[in-house]
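I have my notebook open and a structure to look through. Here is what I looked up, entry by entry.

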Amino acid sequence: MRRTMGVLAAVALLVAPAAARAVDLQVEGFYGLERPPSTSFKASVAGTGSASNLLNTSLQLAGGDILLNLNGLELGAIADVTFGHNTASQTAIGGLAGAAIAVGPTKLDLLAEAGGHRYGNFVSNPDVVTSSSSNQWLFYVGLRPGISFKLEGPLTLGLWAFVRWDVTSQNVPVTVGNAGSAGSYKLGGTTIGATVRLGFDL
């Protein structure tokens, strides 16, 4: 009995450090650009390539995520918000799941995401006088590949790319122009973007 207990204790001492190394928790902040919604992924890419001034025609985006790496299986959560001039703001809150492939100090993330996509501040568009709703939430799905590099200590630095598809769309009645004519503001579509990411391993 004592020998069995001794063997179990030795196995536990060996397995515990390996299990601890296999589980990694990372908190990140990110900042970058997001293209306005388009009708499809192809249209989003084409619009990006043909834009004369990518910075002025894109939305700025900032947010954060938390990633739990379970020996290659990666789970997490993400939230971000866009801001720009004379346009509806966008907020996304979602969950992440996929694979993490680590080679030395480099980690490749291949993630899918799904969650809620909020459009708000419609009247910030100078053509919109009034709106029947101040915000709308749509369900979205997406893909998020990324790469990060371990720096000194717990810090990591990398890049995210992403594409999101709103599963549904919504036409919001609005009043447009000085004459107060009736119109509609269509919400939903495909968005793409890229960000720089700075992380901290816990």
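Is glutamate 28 buried or exposed? I found that glutamate 28 is buried, as its relative accessible area is 5% (buried means under 20%, exposed over 50%, partly exposed in between, with a 1.4 Å probe and protein chains only).

A note on my source: this is a predicted model, where local features need pLDDT of at least 70 and side-chain atom pairs count only at pLDDT 80 or more, while totals for chains, interfaces and linings use all residues. Residues are numbered from 1 along each chain as its sequence is written, and side-chain values use heavy atoms, leaving out hydrogens and water.

Next I looked up the partner of glutamate 28. Arginine 197 makes a salt bridge with glutamate 28, with the closest N and O atoms 2.8 Å apart (a salt bridge is a side-chain nitrogen of Lys or Arg within 4 Å of a carboxyl oxygen of Asp or Glu). Arginine 197 sits in strand S11 and glutamate 28 in strand S1 (residues 23–34), 169 residues apart (strands are DSSP runs of E, at least two residues, numbered from the N terminus). Arginine 197 is buried too, at 1%.

Then I turned to arginine 164, which meets aspartate 80 in a salt bridge (2.7 Å, N to O). Arginine 164 lies in strand S8 and aspartate 80 in strand S3 (residues 73–83), so the pair ties together parts 84 residues apart in sequence. I also saw arginine 164 over the face of phenylalanine 162, 5.0 Å from the ring centre.

How values were computed. A charge sits over a ring if NZ of Lys or CZ of Arg is within 6 Å of the ring centre and within 35 degrees of the ring normal. Helices (H or I, at least four residues) and strands (E, at least two) are DSSP runs, numbered from the N terminus.
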